[in-house]
Amino acid sequence: MASELSELEHIKDRSRQLRGSIAEGLADAVTGAISEADTKLLKFHGSYQQDDRDLREERRKQKLEPLYAFMLRARLPGGVVTPAQWLVFDRLATEYASSGLRITTRQTFQWHGILKHDLKCTIAAINHAMASTIAACGDVLRNVVATPLPERSSVHAEAYAWAAKLSAELAPQTSAYHELWLDGEKLVGEPEPEPLYGRTYLPRKFKIGLAIPPLNDIDVFAQDLGLIAIEENGRLAGFNLAVGGGMGATHGDPSTYPRLGEVIGFVTAEQLREAAEQVIAIQRDWGDRRERRHARLKYTLDHRGTDAFVAELERRLGFALQPARPFRFEHNGDRCGWLQGEDGRWHLTLHIESGRLLDRGDLRLLSGMRELARAHTGDFRLTCNQNVIVANVDAADRECIDAIVAAHGLDGYRRQSAIRRHAIACVALPTCGLAMAESERYLPTILEKLEARLEHHGLLDAPILLRLSGCPNGCSRPYLGEIALVGRAPGRYDLRLGADFAGQRMNVVHRENVDEAAILDALEPLFASYAAARAPGEGFGDFLLRSGVLAPPPARRTIPAEVVA
Ligand code: SRM
Ligand code: SF4
């Protein structure tokens, strides 16, 4: 184990609260890039320096520097976007980005391909639209996600308020963001203190997600801190806390692994803010700052022990957690189509393949959403399954919304197979610097082939969760897919099977490092037996376990038996 602090700890420490030399780097017109150290700090401001990997080799041959550009990620707690914001985000996508608007698996937007000289005006425009990019990436609390739950408007309003509150109150306080992007006053002297984060912020990224049973559409057990809302008399009484979820792993390094969060107890709504802050503070103090691969909360828990963690949390809080309260999750997918809310208003969930809103041929998804934003008077909600909800529609406006949706090819959900509606793919190539294999660009190909086989077995309506990731970092939360492909090399994937449909059990490797033919060969007999022998309502993952194709996973402490309602 490394004994020295990782280099990034020194970069953070020297950065004067995330300033580094970003301003100088942005002003340097000789290169499209900024310095290596500044790229690390830029993440805390919501941006990654990338280069187009499709063009890397060609540009190298031509002795040109890589085609550098920046990915920008918004911080949109709970994924809620107003029509006015949508129109600004759309304009930025059209004017500055290379590939439309991209809905992420943490219910926010990314813009890819922004050139260095456009970065400042893009970030400023996002802020003028009353949103931000601060701490969308980096070793801090990231975008707080929350179940969009359209039909329960009062409970959703409370959940959203919590996501917004935690996101705002636990965000970094540095004025570097204002200084760099919003022409804020330049710092003279010592930077202001960061009360929660200190000089070196967290050892690694930190994620909070809020789910309201029975929907686990945010995958609450994949969060560092998962909040499971407990409802009593139509109001949120409080939250069960699930700690230590995380998906990332490294091929060939068994000391890294995906892990589901464990439920450790219940706090009342009044106690939540303090509890969340103290969980983050313990991770700040206990997390591994030497080896970034082992720096997430999940490893802190496994190294120190969950009991020690809970004792420390209770010590810092000055009160004991209550026993976790019963809850039951039914599924973690989105439900496409119209749903009516308790207040009579309507909500339309549209399936967006890989979350990519772009105009391509007859599919004019970016233009269609722009038209919707012009016509719609409610709000939009992005989902953690990369979809969008046109929320709060009056009954009288449904026809107009449907017409816009159909005219732009956004109504695919009406015709798509169930596996397609439930598929998620991470970005991967050409922008992701860590991708080992295609993901988003491969999804249409593999889906067509899987659909052909499913149709043959009469399974087109079976809602199988398919998740693709271009590498083991797990940005599509592939370890929670009933079928998952995790990239190893161009055209080669680990085929993983057997998660449940509620985000409570991880899958296991079924075939390692295989190509498409081997993937399809492995799945064909399993589809056949699923079609022949599944019990009514039984998910594909559950079936594979019951029928003995997969061995039962080792028992873990994820959810204590007594709290399964
Ligand atoms: Fe992710 C790194 C994209 C959700 C785990 N992720 C990356 C980077 C920034 C690559 C990099 O570090 O250079 C990817 C940028 C690709 C690109 O070109 O856009 C990237 N991650 C994404 C998005 C856009 C995937 C998507 O297709 O939607 C998601 C953006 C979320 C957001 O809005 O904040 C995204 N990433 C996730 C999730 C899912 C989640 O949070 O629910 C995970 C798994 C959960 C977790 O954190 O454990 C995830 N991303 C990672 C990891 C592995 C972290 C680890 O603990 O090992 C990395 C690599 C890293 O941090 O070193 C990573
Ligand atoms: Fe990139 Fe890997 Fe994340 Fe996919 S899973 S976006 S390839 S880091």
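In this predicted model, ligand 2 sits among C426, V427, A428, C432, L434, A435, S469, G470, C471, N473, G474 and C475, where surrounding residues are those with a heavy atom within 4 Å. This shell splits into eight nonpolar, four polar and no charged residues; Ala, Val, Leu, Ile, Met, Phe, Trp, Tyr, Cys and Pro count as nonpolar, Asp, Glu, Lys and Arg as charged, and the others, Gly among them, as polar. Residues are numbered from 1 along each chain as written, with chains lettered from A and ligands numbered from 1 in written order. Local features need pLDDT of at least 70 and side-chain atom pairs 80 or more, while totals for chains, interfaces and linings use all residues, and side-chain values rest on heavy atoms, without hydrogens or water.

Now for ligand 1. Its shell has 29 residues, with T104, M247, T431, C475 and R477 the closest; by class there are nine nonpolar, 12 polar and eight charged. Domain 1 (2-184 + 191-317) and domain 3 (419-546) both contribute to this shell, so ligand 1 lies between them; the bounds come from an automatic or database domain assignment. Oxygen atoms of ligand 1 come within polar-contact range (N or O atoms within 3.5 Å) of side chains, at 3.0 Å for R204, 2.7 Å for K207 and 3.4 Å for Q386.

As for charges over rings (NZ of Lys or CZ of Arg within 6 Å of the ring centre and within 35 degrees of the ring normal), R304 lies over W286 at 4.1 Å from the ring centre. R398 likewise sits over W346, 4.1 Å from its centre.

Conventions. A polar contact is a pair of N or O atoms within 3.5 Å; within protein, one must be able to donate a hydrogen and the other to accept it, and residues adjacent in sequence count only if both atoms are side-chain atoms.
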